[in-house]
Amino acid sequence: MQFPIVPILLCLALGSAPASAYQQFLTYRIAGQDIQSITLAPHADENPAAMTLNLQSSGGSSDILIESDGGLDACKTELEYIIGSKDAYAEIVVDMNARTMNGVMVLQCATFYGLFGE
């Protein structure tokens, strides 16, 4: 039995293409003592919400910009409780290719206590 060449070549070409369904997560773990300030940018309807964390560490200060198609007000409130804390840290998980308008969504914004004993 002889198979047509075109469908076989088409199958081989499609099989070698990169997967279109994948998930990419970005996880931040930030010690409370390193957080200096948290600010939310004014939110426009078609843009993702944006939160800037100003961090201070032994190497100097830096800013982290976190964007999400969901609101970040609750996350900001949660993080404000641990600013300057020596025994707490924050964990923020961002889906970098979410099925949302801008493709970014904060999935988790949590704080944990008692993990850095003095």
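Which hand does the disulfide of Cys75 and Cys109 have, going by the torsion about the S-S bond? That torsion is about 70°, so the disulfide is right-handed. The model here is predicted, so local features need pLDDT of at least 70 and side-chain atom pairs count only at pLDDT 80 or more, while totals for chains, interfaces and linings use all residues. Residues are numbered from 1 along each chain as its sequence is written, and side-chain values use heavy atoms, with hydrogens and water left out.

With a disulfide taken as a pair of cysteine sulfur atoms within 2.5 Å, the count comes to 1. The sulfurs of Cys75 and Cys109 sit 2.0 Å apart. Cys75 belongs to helix H2 and Cys109 to strand E6 (residues 105-113), so the bond ties together parts 34 residues apart in sequence. Helices (H or I, at least four residues) and strands (E, at least two) are DSSP runs, numbered from the N terminus. Cys75 is buried at 7% relative accessibility, whereas Cys109, at 22%, is partly exposed. Here buried means under 20% relative accessible area, exposed over 50%, and partly exposed in between (1.4 Å probe, protein chains only).

As for charged pairs, the whole structure holds 2 salt bridges, each a side-chain nitrogen of Lys or Arg within 4 Å of a carboxyl oxygen of Asp or Glu. In one, Glu91 pairs with Arg29, with 2.6 Å between the closest N and O atoms. Glu91 is in strand E5 (residues 88-95) and Arg29 in strand E1 (residues 25-31), so this pair links parts 62 residues apart in sequence. Glu91 is buried at 13%, but Arg29 is exposed at 60%. Glu80 and Lys76 form a salt bridge too, at 2.6 Å from N to O; both lie in helix H2 (residues 73-80), 4 residues apart, or about one turn of the helix.
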